[in-house]
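The following note collects points for a colleague who will examine the model. Please read the numbered paragraphs beside the sequence and the coordinates.

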Amino acid sequence: MKFLVVVLVALLGCAFGLDETLTKHWKLWKEQHGKKYFDAEEHVRRAVWEDNLKLVQTHNLQADLGQHTHWLKMNKFADMTNSEFVKQMNGYNMSLRTNQPADRHEFTRSLNVKLPDTVDWRDQGYVTDVKDQGQCGSCWAFSATGSLEGQHFKQAMKLTSLSEQNLVDCSGKYGNQGCNGGLMDQAFQYIKENMGIDTEDSYPYEARDDTCRFAKENVGATDTGFTDVTTKDESALQEAVATIGPISTINVIVELHLLDHGVLAIGYGTDSGTDYWLVKNSWGKGWGMDGYIKMTRNKRNQCGIATAASYPLV
C-alpha cells in the first residue's frame, strides 16, 4: 500500500510538472508573438494551441524516425484551427475569374533550351523582402506584386517594393474582392489599364479593405498585359522560372482539396535527391523557412503548383 501511495504521488508530481512546463511554454509563445487575449478567449486559444503542439510533436518524432522529410514548428498561427487559418489567410479564388482579355498571352517554350539545375532569383536581386498579408485574404495581391517587382527589376535594374493595398482597394471592377480574394491575372490587367501601380512606401499595406487612393505621381511599375504558363505543365513552369524570373502561381499549403492560395515561385533545385520548387509566401518571416518553402517538384503537379501560373509583361 505504501508503495502504491508513493507511486501515485510521484505520478501526480510528474503531471503537475508537465502542466507547469506547458504553461511556461504557452507564456513564452505568447510573448514571442505578441499575443494577448480576453479571459474567455485565452482558454479557447490555449486549447487550440495545445492540440497543435501535440500534432507538431508527434509529426517531428515521426520525422526523426524517417517517416517524413520535413519538420514542423509552433509559429505565430499555432492558436488557430485549420478552418480558421484557411478562412483568414488564403484568398486565391478561381470563381472570381472574369472573361480573359484579348491581350492575354500564352507562354511559348523554346526548342532545345538548356536550363540550369538550380535557380534562386534572390541571388540576382529580383526579390523583395518577405511580406505579411495579416488576417486578410489578399495573397493574390502579394503574388502579383512579387512577380511584377521581379520583371520591373529585370527591365530597370532597380528593385521597387509595390503596393498590395493599391490592388486590394482599387481593382474591384476587374473581379477582385480585396480581403475576400482575387486573382493575379486580374491584378495585372488592372495595372495595365490603370497605367501603373503605386509604390509600397507611398501606399502602405493595411490588411483591410479601404477606399482607393491611387496617385499616378507615385507609380512604381507598369505592365502591358500578362502571360499564362501552360496549365499543370511543370516543365513549362520550370522554363518560365529559369528564363523569365519569379512567377505568380497557386498551390495548396493547408488543405489538400482546394487551390486557394497565391504565392510566388522564385526558383527551383534538387535537395537530397528530391526536386523542389522554391516558393515565396506572404505570411511573414516567422512562417516556413524565414517566409519561404520548398515544395515538391516533378511529382504530378503536387499541390497544384503549376495549375495557374502567370507573369506580367513589361
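1. A disulfide is here a pair of cysteine sulfur atoms within 2.5 Å. The structure holds two of them, and with bonded cysteines counted along the protein chain their pattern is 1-3, 2-4. This is a predicted model, in which local features need pLDDT of at least 70 and side-chain atom pairs count only at pLDDT 80 or more, while totals for chains, interfaces and linings use all residues. Residues are numbered from 1 along each chain as its sequence is written, and side-chain values use heavy atoms, with hydrogens and water left out.

2. The sulfur atoms of C136 and C179 are 2.0 Å apart. The torsion about their S-S bond is about -95°, so this disulfide is left-handed. The pair links distant parts of the chain, 43 residues apart: C136 lies in the loop between β2 (119–120) and α4, and C179 in the loop between α5 (164–170) and α6. Helices (H or I, at least four residues) and strands (E, at least two) are DSSP runs numbered from the N terminus. Both C136 and C179 are buried; buried means under 20% relative accessible area, exposed over 50%, and partly exposed in between, with a 1.4 Å probe and protein chains only.

3. C170 and C212 form a disulfide with their sulfur atoms 2.0 Å apart. Its torsion of about 100° about the S-S bond makes it right-handed. C170 belongs to helix α5 and C212 to the loop between β3 and β4, so the bond ties together parts 42 residues apart in sequence. C170 is buried at 13% relative accessibility, whereas C212 is partly exposed at 44%.

4. What keeps C139 from a bond with C136? The sulfur of C139 is 9.1 Å from that of C136, the closest cysteine sulfur, which is too far for a bond. C139 is buried, at 0% relative accessibility.

5. The structure holds 13 aromatic pairs. Rings of Phe, Tyr and Trp (its six-membered ring) pair if their centres lie within 6.5 Å; planes under 30 degrees apart count as stacked, over 60 as edge-to-face and the rest as tilted. The ring centres of W29 and W49 are 6.3 Å apart and the planes meet at 50°, so the pair is tilted. W29 in helix α1 (residues 2–33) and W49 in helix α2 (residues 39–64) are 20 residues apart. W29 is buried at 2% relative accessibility, as is W49 at 0%. One aromatic cluster is formed by W26, W29, Y37 and W49.

6. One cavity of 30 Å³ or more is counted. A cavity is a set of points on a 1 Å grid over the protein atoms alone where a 1.4 Å probe fits but cannot get out; lining residues have an atom within 4 Å of a point. Points are joined across faces, edges and corners, and a volume is the space filled by probe spheres set on them. The largest cavity holds about 100 Å³ of space. Its lining has 15 residues, and F142, S143, K280, N281 and S282 are the closest to its centre. The largest share of this lining, six residues, comes from α4.

7. M195 has a positive phi of about 60° although it is not a glycine. M195 lies in the loop between α6 (184–194) and β3 (197–198) and is exposed, with a relative accessible area of 67%.

Notes:
1 Å grid on protein atoms, 1.4 Å probe; cavity = no way out; pocket = protein on both sides within 12 Å on 5 of 7 lines; lining within 4 Å.
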